[in-house]
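Hi,

Here is the structure I promised to pass on. Have a look at it first, and then read on for what turned up.

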Amino acid sequence: MSWSSSQLSRGLAILLGSAGARAGVTRVALPSGRLVHGDEGEDEDPALWVSDGPAGRELWAVLHTAHERTGLWPLLLDSLRGDSRRPWDDGELGPRDVSSAADGDPEALLAGWWADYTSIDDADRLSPAERRAVTAPYEQRWPGLAMPLPLRHDPGELAERCVTELLAGKAGLRLGLVAATRSSDAIAVVGWQGAVNYIGDAAHLSAVLSSWEDRFGVRLVGVGFAELYLSVAAPPTSDAEAIRVAAEHFAFCPDNIWQSSTTNLVDYAKRLIDATIWSFWWD
């Protein structure tokens with residue numbers, strides 16, 4: 001049994017009461033749910049626990065508070081529009097295909113993706129000048145990592161408020177529990193494949209999320225079929241700060257601009273000023 005699987009079992013035992021007394025965690029009445037395995041089926045350890053029905057704000061908050069003792073990070077889970085089974089019910093996950101997030105260098109990863117997405121080739125539907133304008137003022141030059149920003153909110157309290165906001169807009173989101181030390185580790189642990197058209201190894205995404213946890217106070221609070229939702233306790237507050245963060249967003253998820261009404265980095269950056277939720281979607 002892998003570490004994550006044994007931690008998942010231990011954490012569930014704590015929540016359900018069989019190990020809660022010694023762990024100092026009040027028994028939690030979890031809704032009906034089940035353990036979900038990845039694409040190798042039951043031959044591999046379970047990737048996460050998933051509720052059968054919608055998550056509740058209060059339950060998410062209780063589980064979030066208990067995370068330090070249980071080792072289980074709670075997530076709001078969304079599915080593919082038109083097919084509620086994907087990816088959580090049909091095990092469309094690849095935990096065996098993931099490297100270690102600790103081995104990823106966030107700046108090197110982002111710089112490499114930036115170079116890929118700003119390259120110009122003959123088959124591009126945009127002219128070279130139009131392509132460079134998408135990522136102006138940097139054009140094809142990677143600007144480097146943005147500087148850490150000061151916390152404007154308590155990260156834990158903000159995460160709970162953002163969960164409330166997400167549930168207000170989509171009450172049917174389900175609950176997931178992942179054996180993860182940090183929220184950023186969760187998608188690597190489960191082998192999430194939502195960005196596979198661009199990035200095949202979820203640990204590389206986790207490495208960037210970990211850096212954002214440290215620099216911007218983010219917490220991963222929701223995961224969909226091809227979406228990520230982060231609370232942001234240290235958002236940019238000026239154009240100068242926002243444009244540097246926007247460059248990282250483009251390198252991380254170019255579809256946030258390519259498939260958006262804000263078709264260039266400058267306009268996208270304006271949306272990040274004081275924003276306490278970041279969302280990402282890969283086509």
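**What is in it**

The largest nonpolar core has 78 residues, and those with the most contacts inside it are Leu-48, Trp-192, Trp-212, Phe-252 and Trp-278. Helix H9 (residues 239-252) supplies the largest share of this core, eight residues. Please keep in mind that this is a predicted model.

Seven strands make up an open sheet with mixed pairing, in the order S1-S2-S4-S3-S5-S6-S7. Strand S1 (33-37) and S7 stand at the edges with a single partner strand each, so one side of each has no neighbour in the sheet. From one strand to the next, the twist averages 30°.

S5 and S6 form a hairpin with three residues between them; they run antiparallel and are joined by five bridges. Within that pairing, Val-218 has Val-232 in S6 as its bridge partner, and Gly-222 stands opposite Tyr-229 in S6. On to the next pair: S6 and S7 are antiparallel too, over five bridges, and here Leu-228 is partnered by Phe-280 in S7. How enclosed is S6 by the rest of the structure? Largely, because five of its six residues are buried. Helix H8 (residues 202-216) lies across S5, S6 and S7, and runs at about 135° to S5.

Next, helix H6 (residues 155-169). At 1.5 Å a residue, its 15 residues should span 21 Å, and the end C-alpha atoms are 21 Å apart, which agrees. Which residues of H6 are buried? They are Pro-155, Gly-156, Leu-158, Ala-159, Cys-162, Val-163, Leu-166 and Leu-167. What covers the buried residues of H6 includes helix H3 (57-70) and strands S3 (72-77), S5 (218-223), S6 (227-232) and S7 (277-281).

Most residues other than glycine have a negative phi, and most peptide bonds are trans. Here are the exceptions I would look up:

- Arg-86 and Pro-87 are joined by a cis peptide bond, with omega about 0°; Pro-87 sits in the loop between S3 and helix H4 (106-118).
- Ala-136 and Pro-137 are also joined by a cis peptide bond, with omega about 15°; Pro-137 is in the loop between helix H5 (128-134) and H6.
- Glu-139 is not a glycine, yet has a positive phi of about 55°. Glu-139 belongs to the loop between H5 and H6 and is partly exposed, with a relative accessible area of 36%.
- Asp-274, not a glycine either, has a positive phi of about 65°. Asp-274 lies in the loop between helix H11 (265-272) and S7, and is partly exposed at a relative accessible area of 41%.

Cheers

Technical notes
Residues are numbered from 1 along each chain as its sequence is written. This is a predicted model: local features need pLDDT of at least 70, side-chain atom pairs count only at pLDDT 80 or more; totals for chains, interfaces and linings use all residues. Side-chain values use heavy atoms; hydrogens and water are left out. Helices (H or I, at least four residues) and strands (E, at least two) are DSSP runs, numbered from the N terminus. The expected span of a helix is 1.5 Å times one less than its number of residues. Buried means under 20% relative accessible area, exposed over 50%, partly exposed in between (1.4 Å probe, protein chains only). Contact means heavy atoms within 4.5 Å. A nonpolar core is a set of buried Ala, Val, Leu, Ile, Met, Phe, Trp, Tyr and Cys residues joined through side-chain atoms within 4.5 Å. Two strands pair if DSSP finds at least two bridges between them. Axes are lines fitted to C-alpha atoms, for helices over the stretch in contact, and angles run from 0 to 180 degrees between N-to-C directions.
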